[in-house]
Amino acid sequence: MVHDDYKQMLPVRALSALDAADSVALNEHLLVCAECRRELETWEATAASISLSVTPMEPSATVRERILQQIREEGRSRAAEDTDARVVPFVSRSPAMSYGLIAAGIVCTLLIGWIALLARQNRIARTEVARLTEHTKRIEAQLTREHEIVSILTGPESKRTPLSGTTSAPGAYAMLAYNQKGQAVLLAEGLPAAPAGKGYQLWFIIANKPVPGQVFNTDSSGKGTMRDQMPGGVDDKAVFAITMENSTGAQSPTTPILLRSEL
Amino acid sequence: MQPDSAQTADVKLLKAVARGDEQALAELYDNYRVILFGLLVRILNSREEAEDVLQEVFLQVWRRARDFDETRGKPFTWLVTLARSRAIDRLRSLGARDRVAQASTREASEEVSDAAADTFRSEQRALVTSALSQLPEEQKRPLVLAYFDGLTQSEISAKLGAPLGTVKTRMRAGMLKLREQLTGQNESFGF
């Protein structure tokens, strides 16, 4: 509906004869339309004039008395309530005191807001510190691991054994380094990433018996690094080999050897 | 619909009532009791109910006089609107089922009555009655049913057996014509 539609309703609204839906719609319009509110006032005056067409009648005299009696009773009740209100132990405040209380209220509100802001910033800072701490630990662990790898690879007492690709993986190459503590590192390259559920497993062939090592995989460039612990009994005659097995590893080779050390 | 001096006096009385002046309320009651009581009897068709509502109206005036805004209307309009609204509410609470059926009965019984108030109010009554009588019956009837019986447009449509759109048109036309008739008088009566 538009403004003119509501204006059409005003005379009937003054008679309180609008149906509910129209009445609700007009009420909403009146909230925002001063022009219609003013016009409704004139229509209400016109409607009120209809009352003058009615025969004036005298009510009984007791009505006047009942009205006055009731307002006196209300007055007494109100006075009693006022008295009760005064009994409530609130100290009467001077204007200066009231302003002071208002100012104190404002300060308290600001203080509470400031504290809440600080608490929030504190929570954020703590979360960030925890995240950085965790990140630092991870970096430290990685550095330690890489330091150990470097140590194994370059230690003066370390042994390094190359592994060459067989006819099944002619372009592959690896080197196994290990120290006296039996800590071993395998560096491999030229091996395509293993299919899902598969991995490359290192074998320690000691006295012609394969001892299973760890399973590793390579990245998209065909390179992979793995740390392992040398089993007992490894000597200069031991052979190292790599096969493709299930990613959980196997107890003995199930596929052809891809890389192996020289005898 | 009163002289300016009377309107001004009533405004002062309402302001005094708002301040808790019991005597002012008594004077206001004396000024309006016959007009309002006549209206209430016309709507409720019962002296007993009308006296009950009249009491409620003046108690409401006592409690709400501070809500009266002289820039938005005259005391006469405010009091009549208050009284009519209370009466229609009472009428609806007494029994909506019979309200439409009773409407025509009350209408017939009241239209034969005569004025018995002072000369001034008799003149006002004559002017309004004349203005209403100049309305075509098809326009006057819906206004009377709405004003005195509290019927809505849909109820009037059902009662008269006229399409709702027709009732809306006739009611608006009736109110426009009534205002035109009263406008000249409004100037002289401070309406």
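1. The expected span of a helix is taken as 1.5 Å times one less than its number of residues. Helix α1 (3–14) of chain A has 12 residues and reaches 17 Å from its first C-alpha to its last, close to the 16 Å expected. Helices (H or I, at least four residues) and strands (E, at least two) are DSSP runs, numbered from the N terminus.

2. On the source: this is a predicted model, in which local features need pLDDT of at least 70 and side-chain atom pairs count only at pLDDT 80 or more, while totals for chains, interfaces and linings use all residues. Residues are numbered from 1 along each chain as its sequence is written, and chains are lettered from A and ligands numbered from 1 in the order in which they are written.

3. Chain A holds 5 helices and 8 strands. Read from the N terminus, the order of elements is α-α-α-α-α-β-β-β-β-β-β-β-β. Of the 263 residues in chain A, 25% are buried. A residue is called buried if 20 or more other C-beta atoms lie within 10 Å of its own, exposed if 12 or fewer, and partly exposed in between, with C-beta atoms placed from the backbone. Contacts (C-beta atoms, placed from the backbone, within 7 Å) between residues at least 6 apart in the sequence of chain A join residues at least 24 apart in 57% of cases.

4. Back to α1(A). Its buried residues are Tyr6(A), Met9(A), Leu10(A), Pro11(A), Val12(A), Arg13(A) and Ala14(A). An α-helix has 3.6 residues a turn, so residues three or four places apart point the same way. After the helix comes Ser16(A), with a positive phi near 60°.

5. Lys7(A) is also in α1 of chain A. Is Lys7(A) buried, exposed or partly exposed? Lys7(A) counts as partly exposed because 16 other C-beta atoms lie within 10 Å. Leaving aside residues up to four places away in sequence, Lys7(A) touches Cys36(A) and Glu39(A). The C-alpha atoms of Lys7(A) and Leu40(A) are 8.6 Å apart, although 33 residues separate the two along the chain.

6. The sheet of chain A is open and has 8 strands in the order β5-β4-β7-β8-β1-β2-β3-β6, with antiparallel pairing. Two strands are taken to pair if DSSP finds at least two bridges between them. At the edges are β5 (209–216) and β6 (224–229), each of which pairs on one side only. Neighbouring strands are turned by 25° against each other on average, direction ignored; the axes are lines fitted to C-alpha atoms.

7. One pair in detail: β2 (residues 173–178) and β3 (residues 183–189) of chain A run antiparallel and are joined by 6 bridges. Ala174(A) has Ala188(A) in β3(A) as its bridge partner.

8. The loop between β4 (198–206) and β5 of chain A contains Ala207(A) and also Asn208(A). Most residues other than glycine have a negative phi. Ala207(A), not a glycine, has a positive phi of about 55°, and phi of Asn208(A) is positive too, near 65°. Ala207(A) is exposed because it has 9 C-beta neighbours inside 10 Å. Asn208(A) is exposed, with 7 other C-beta atoms within 10 Å.

9. Where is Ser220(A) found? Ser220(A) is in the loop between β5 and β6 of chain A. With 7 other C-beta atoms within 10 Å, Ser220(A) is exposed. Its C-alpha atom is separated by 9.2 Å from that of Leu191(A), 29 residues away along the chain.

10. At the interface, 34 residues of chain A are in contact with 56 residues of chain B. On the chain A side, α1 (3–14), α3 (34–49) and α4 (61–87) each supply at least two residues. α3(A) gives the most, with 8 residues. That side of chain A divides into 19 nonpolar, 9 polar and 6 charged residues. Here Ala, Val, Leu, Ile, Met, Phe, Trp, Tyr, Cys and Pro count as nonpolar, Asp, Glu, Lys and Arg as charged, and the others, Gly among them, as polar.

11. In chain B, helix α2 (residues 22–44) spans only 28 Å between its end C-alpha atoms, whereas a straight helix of 23 residues would span 33 Å. α2(B) bends by about 55° at Tyr32(B), the bend being the angle between axes fitted to the seven residues ending there and the seven starting there.

Conventions: Two residues are in contact if their C-beta atoms, placed from the backbone, lie within 7 Å. Axes are lines fitted to C-alpha atoms, for helices over the stretch in contact, and angles run from 0 to 180 degrees between N-to-C directions.
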